[in-house]
Amino acid sequence: MTAPLLGAVTGGADRLVEVVRTSIRAGDNGTPTRHGVRAPVDARLVPVAVTGWLCTLVVPVAPVVPAAGGAVVAALAGVVLLGRRYQRRGALGLSAAVACLGAAVLTAVTLLHVSAARSGPVPVLAAEAAVATTELMVRTDPRVRSSPGHRSTYVVLEADVLRLTRRGVTTAVRTPVVVTGPATWSEVEVGQRVRAVTRFAPTDQGERAAAVLAARSAPALIARAGPLDRVASRLRAGLRAAVAGLPANERGLVPALVVGDVSRMPEQLEEDFRTAGLSHLTAVSGTNLTILLAFVLGAARWAGVRSWGLPLIGAGCAMGFVVLARPEPSVLRAAAMGVVGLAGLAVGSRRHGVPAVACAVLVLLMVDPWLGRTYGFALSVLATAGIIVLGPPFSEALARWLPRFAATAVGVPLAAQVACTPVVAVLSASVSAVAVVANMLVAPAVTPATVLGIAATLVSPVSLTGACVPGHLAGYAARWIVEIGTRAARMPGASLTWPSSALGVGVLTLLCVAAVVLAPRLLRRRGVTLALAGSLVAWIVHPVQPPASLGLLTGWPPTGWVVVACDVGQGDALVLRAGPRSAVVVDTGPDPAYVDRCLTSLGVRQVPYVLLTHFHADHTTGLPGVARGRVVGEVGIRPGAATGDDARRVHDWADSAGVPVAAVAIGEERQVGALSWKVLGPAGRLADPESRGVEAGSGDSEEGAAENDSSVVILARIQGISVLVTGDVEPTGQRRLLSSGADLHATVLKVPHHGSRYQDPDFLRAVGARIAMISVGADNDYGHPAPSTIATLASVGARVVRTDESGAMAVVKDGTGLGLVARSPPR
C-alpha cells in the first residue's frame, strides 16, 4: 500500500474529509500549538509498538524454550522498571516499562499461535510427505496460477484442516494450510467445507501455514458456506458480471480496486502497476475503505445525520466492507489502517494520529501475530504513519506557492512514498522513480472508480442490467488508471535498481531520513522544488548510468548495452541491440509477461527479427510478449521439419499476427542496424521430424536431446563485440560445430542448455569467452547450472554471470571498455 489515502484527499474527496473533520470531536483544533509552535508528536507508544512488532518477527522462527524465557525476562524487567518509575518519579520512564510488558505479552501470544499452528498431526504428515483424506474449510478465494513453460495452470487457496483420515483413523484438528490443486478447485467458495485426497508437504519455518497440501482429487462438497460468505460471494460475482463487457485490463482492475478480487487481473497489468508504484490499487488497502467511509459519511451528513449517528454509520460501513472483501488478515489490516488514516487526516493532528497508529499495530498483532511478518503489513503501517506525520508538513510547505488541493495531491503520496521506500527496496530490489507522479495522476479516477464499482456491486443482486451502468462508468475511470500505470511503467527510468542487502537498505534508509528533514525546507521554495521535479522527469525520460567496468554494477536500463540476458526464469531470452529502440530477440522464454517486461525495461519498441533456436516451450512460449506494443518484422526458426505442439503454437501465433516465419540456412548472414550475425549451426543431422518438442530439462530424453541438438547457433557482432548464441545445443552438436571448422571464438558466450552438465570442454575452450552468460531459473528442478560447467568456464578465464543470482544481465560497452550491469543485485 504505497499511498493508501490518496483517493480520499484528491479528486474532490478532500471536501468529504472536511465533512468528517467537522464531525469528529477532538481535544484540540487539529493543529495544536503553544506560543505559535506546533506541539511535538506524541511518540510514547511507538517504542511499545516497535518492540512488539520485533517480537512477532523473531518468535515464529525461534526455539520455543528461549522465546518463552525471553517473555518471562521481559515481564520481570517491565515490572521492575514500572516500580522504579513510581519510586523515582519516572527516572527510567514509563515507556520502557510498557515496552517490556508489551514485548512479554506479544511474545506469549505469538507462542500460543505458533504452538496451535504447529501442534497436531499435520506437521508430522508434512514431514513424511504422507497422503491422507482431508476435510477442509476454505478461507480464501481460489487464485489461478501458471507455472511458465512446462506445467498447466493450477489453483492456490488457503484453508483450515478440520479432519483428516489416514489408515482408517480419523483425527479432528484445526490447522491452517495452503492448498494447491487442478483447475477443478477454482469453483470452491470461501466458507465451504470440502473433502479431498491430498499429499502433505512442509512449509518454511515462520510461515503461518503448517503444511502445503497438493490435492490429488477434485473437491467434494460437504457443507455450504455460511450466509455472510454466500452473500459476499454473490456480490463479488455480481460485480464481475457487471464489468464483463469491459476490455480485459478494466475488467480485471475494477473488481481488484473495489473488493480486492484479483482473479481476473492480467499478469502484465499487475507487473506494470508494481513498476509504477500503483500495486496498492490491485489489492484491498486502506484506499478502499477510506474512500468508502468518506463518501458514506459525507452523504449521511448531507442527509442530516449528526452526533453519534455518524460513528455508528461509519462502523457499520467498515464491517460491511470487511465482509464483502473477505475477513482475511490483510483485509483486517487494511481496514484498521484505513480508519486510523482517515481519522488522522480528518482531525489533522499528528500528535493524536501517531498513538492511534501504534495502538492499531498492537491490536492487530495481538489478534494475528503472523501479520507482523508480511510486507503488506509493513507497507500499510509505514504509509499510514507517513501520511499522518509527514503529510501535513509536506503539504503545508507546498501550499506556500501551490493551491491547497494541489499541495495535498503532491504532499500526501510523497509522504507515503518516502516512508515506504526502504521496505519496497527490500521487496523488489528497486525504487520506483515514477510512483509519486503516477499516484498524483490516477488520483482523480480512483474515487469515482471505487464508488461506482461499489454501486454496481450493491445493485447487481437486484438487477444485473442496472448494475452494468455504474460498472461500465467505473470502467471508464479505470481506463485512465490503466493508461497511467502502463505508460508510467514503460518509461525508460521508471524504476531504479537498488541493492536489497543490509548495507543497501541501510544507506537508503539514511537517505530517506535526510529527505524527511530537508523536504519541508526545500518544498516551500518554488524554484528548488521545480528544479528537483524537472531533474526527476529528465531521469525518468532518459536515465543516465555511471560508466561500467568488468565488475558487477547495478542500474537499469544501462547506457551502452549491447546484449542482455533477460531474467525469464527457467528458459532463454537474449536481446541483441540493433539501434536506439531496436533489437533482435533470440528465444523468448517460457512466459510472454517476462520477456515483455525485459524489453520494456530496455526501451525496445521495434523487433525486426526474432530467432527461435529450437522448439521447446522454455524458448518459444513467450513469443506473444515480444509483440506487445512492438512491431515484429520476422520470425526465424531452425531448419528441418517440426510437428510438435510448440512448433504449431509458433506458426499459429505468427499466422494470426501476420508475421512471416522462415527457416534459417547454415552460413546465412544478416544485418539489422548496427548488428550483424552469421548462422553456424545446427551442424550435421537435425531433429527427428516426428519430435514432439518435449522439454529435455535434464538432457535424458533422446527425443528432447535431438531437438536440443537442432538448436540454431549464431555468431553475432556489434560494436566490435562478438556474441556466440548456442540455444540448448548438446555435446554432440558442440563437437560437430568444432569439426565444421567454423570460427567459434567470441567475447560473450550464451552458455548452452542453461549451464547443464552436458558440455564439451573443448568447445568451451575454443570459444574462449571473457563473459559467460547463463540463463537459468532459481531453484530449478534440473540442477542447472552444473558446478562442473561453471568450473570449466572459470578455468578458461570466463566471468560467469547467472540470471538466477543477478536477474537480467547486460553486457555494456563504454569509454572504459567492456562491462556488466545487473538488473537486480546479486543474491
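What share of the 827 residues of the protein chain count as buried? And which residues form the nonpolar surface patch to which α19 gives the most?

Tutor: This is a predicted model, in which local features need pLDDT of at least 70 and side-chain atom pairs count only at pLDDT 80 or more, while totals for chains, interfaces and linings use all residues. Residues are numbered from 1 along each chain as its sequence is written, and side-chain values use heavy atoms, with hydrogens and water left out.

Of the 827 residues, 52% count as buried, where buried means under 20% relative accessible area, exposed means over 50% and partly exposed lies in between, with a 1.4 Å probe and protein chains only. The accessible surface of the chain comes to about 34100 Å², of which 61% belongs to carbon and sulfur atoms; such areas come from the Shrake-Rupley method with a 1.4 Å probe, and for residues only the protein chains shown count as cover. The secondary structure comes to 29 helices and 29 strands, these being DSSP runs numbered from the N terminus (helices H or I, at least four residues; strands E, at least two). Among contacts with a separation of 6 or more, 72% are between residues 24 or more positions apart, a contact meaning heavy atoms within 4.5 Å.

Now to the part you asked about. The nonpolar surface patch, of about 480 Å², is made by V513, V517, L518, L522, V528 and L532. Helix α19 gives the most to this patch, with 4 residues, and V517 is one of the residues that lie in α19; α19 and α20 (526–541) each supply at least two residues of the patch. Patches are made of residues with over 30% relative accessible area and no salt bridge, with like charges joined within 9 Å and nonpolar side chains (Val, Leu, Ile, Met, Phe, Trp, Tyr) within 5 Å. A salt bridge is a side-chain nitrogen of Lys or Arg within 4 Å of a carboxyl oxygen of Asp or Glu.

Helix α19, which covers residues 502–523, also holds R521, and R521 forms a positive surface patch together with R400, R524 and R525. Here Lys and Arg count as positive and Asp and Glu as negative, with His and the chain ends not counted, and the place of a charge is taken as NZ of Lys, CZ of Arg, CG of Asp or CD of Glu. R521 itself is exposed, with a relative accessible area of 53%.

Leaving aside neighbours within four places in sequence, A477 is in contact with A445, P448 and A449, and the C-alpha atoms of A477 and T450, 27 residues apart along the chain, are separated by 9.0 Å.

Finally, some backbone details elsewhere. D587, in the loop between β15 (583–586) and α21 (592–602), has a positive phi near 65° although this residue is not a glycine, and D587 is buried at 2% relative accessibility. A129 also has a positive phi, of about 55°, and is partly exposed at 36%. The peptide bond from G681 to P682 is cis, with omega near 20°, and P682 sits in the loop between β22 (675–681) and α25 (702–709).
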